[in-house]
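Hi everyone, thanks for coming.

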Amino acid sequence: MVDEPTRGLDPAARDMVWAALTSLAASGTAVLVASHEPDFSARADRTLAMRAGVLAAASVPLPNPGLSAPATRRAPFATQDERRERRPAGADAANNPELLTGDTASGDSRLRLGGRLPLLALAAANLVALGAFCWPLVATAVPEQASAAVPVAALALVPLAALVVVATLDGSVRSAHMLALLGTLAAIGAAVRIAGTGVGGVEAVFILLILAGRAYGARFGMLLGMATIALSTLITGTFGPWTPFQMFACAWVGAIAGVLPRRATRAGEIAMLSVYGVVASYAFGLLMNLWFWPFAVGYGTGISYDGGASLEVNLSSFLLYSLVTSTLSWDTLRAITTVIGLVVVGRPILAALRRTKPLATRSRPTGARRENAAALS
């Protein structure tokens, strides 16, 4: 029994694998192959379509047990099937197989966590977190009161982060394959962040967050942003009131990368991600400054928070504070680092990430998906 023996192989290596399997079959060994690749599966003398984890009826009778199994017979095999709720009336099971939902397919409602409820919880948690960032623009407090409230606000974001993680783990993310990818990329992101944090604003972790969010989607990007900050903070022992804010800000960087327009050429895709990297770098700096601003400078200066001032006055003071403290320095260097990284390594890393993505969860421009098939030779 062999599972996906040709995954990631070039044609020459694929032929070598097929030759080895057919040699075993010719010697009298029964060989069962599970594959998403129709060209490979079509070589077998018998193919079985799998729908929602259940094998369909055989399209070709079993070979005579007394004979060897040379690959001389070819069963019909439908390579793709347009998404549809129901099969056409009178359709033949072999030629019109239903859409696979599979272990990691996002179409299987049994693997989702309650339909719309997690989406509502996810949206609510992120809105509350955004409010925690923006409180200086909507609340009234003097710097001393703000400083006292920061630990409370930071701790309040911790359960929100847990809620986001639970609501984000839908069927397309919580498979063993995707969780393994999440853990691996979070470890890489943590190492990159530890190596670059504090060095003149150079934070290459944005490159990973943007590329992973682009390759695996908004939910994965959000989880990776949170996991990367949590892991790097745990390793370095630098947890503080800023940590939950960093977790949400980086989660949004990865998530938004996952909802950017999908139709783009290779060069156009890197250009789009680079522009987004610049915007994300400056937006990240503004958000991280906003919650910290009321007690970052003394009271009564031209860039100070004034609890009794209007929204327009406080907003202009905040923008001036951000401009002179981070926008022209740290945020600009972060944007430059991100763009350089995306231009230099963006294309090969995206290709590598997409190759490791489970086939059943890959989105297709025409809405088509490959079947899961069991090939017997």
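**A walk through the model**

Let's start with Arg347, which sits in helix H11. Before we go on, please keep in mind that this is a predicted model. Is Arg347 buried or exposed, or something in between? Its relative accessible area is 44%, so Arg347 counts as partly exposed. Now look for its partners: leaving aside residues up to four places away in sequence, Arg347 touches Arg266, Ala267, Ile270 and Leu342. Take Ile270 from that list. Arg347 and Ile270 are 77 residues apart along the chain, yet their C-alpha atoms are separated by 7.1 Å.

Next, let's go to the core. The largest nonpolar core has 55 residues. Which residues have the most contacts inside it? They are Phe133, Leu185, Tyr216, Phe220 and Leu224. The elements giving two or more residues to this core are helices H3 (116–138), H5 (176–196), H6 (205–216), H7 (218–236), H8 (242–257), H9 (266–292), H10 (311–327) and H11 (330–355).

Not counting residues up to four places away in sequence, Leu185 touches Leu208, Ala212, Tyr216, Phe220, Leu224 and Leu353.

The crossing of H8 and H9 is right-handed. On the H8 side, the contact is made by Trp242, Phe245, Gln246, Ala249, Cys250, Trp252, Val253, Ile256 and Ala257. H9 brings Tyr276, Ala280, Phe284, Leu287, Met288 and Trp291. What kinds of residues meet in the contact of H8 with H9? They divide into 14 nonpolar, one polar and no charged.

The crossing of H6 and H8 is right-handed. Phe206, Leu209, Ile210, Gly213 and Arg214 in H6 meet Cys250, Val253, Gly254 and Ala257 in H8. The residues of this contact of H6 with H8 divide into six nonpolar, two polar and one charged.

Hold on to Arg214, as it comes back now. Please find Ala264, in the loop between H8 and H9. Ala264 touches Arg214 and Glu269, again not counting residues up to four places away in sequence. With a relative accessible area of 41%, Ala264 is partly exposed.

One last stop, at the other end of the numbering. Glu4 lies in the loop between strand S1 (2–3) and helix H1 (11–26). Glu4 is not a glycine, although it has a positive phi of about 50°. Would you call Glu4 buried or exposed? Its relative accessible area is 16%, so Glu4 is buried.

Key. Residues are numbered from 1 along each chain as its sequence is written. This is a predicted model: local features need pLDDT of at least 70, side-chain atom pairs count only at pLDDT 80 or more; totals for chains, interfaces and linings use all residues. Side-chain values use heavy atoms; hydrogens and water are left out. A nonpolar core is a set of buried Ala, Val, Leu, Ile, Met, Phe, Trp, Tyr and Cys residues joined through side-chain atoms within 4.5 Å. Buried means under 20% relative accessible area, exposed over 50%, partly exposed in between (1.4 Å probe, protein chains only). Helices (H or I, at least four residues) and strands (E, at least two) are DSSP runs, numbered from the N terminus. Contact means heavy atoms within 4.5 Å. A crossing is left-handed if the near helix is turned anticlockwise from the far one by less than a right angle, and right-handed if clockwise. Ala, Val, Leu, Ile, Met, Phe, Trp, Tyr, Cys and Pro count as nonpolar, Asp, Glu, Lys and Arg as charged, and the others, Gly among them, as polar.
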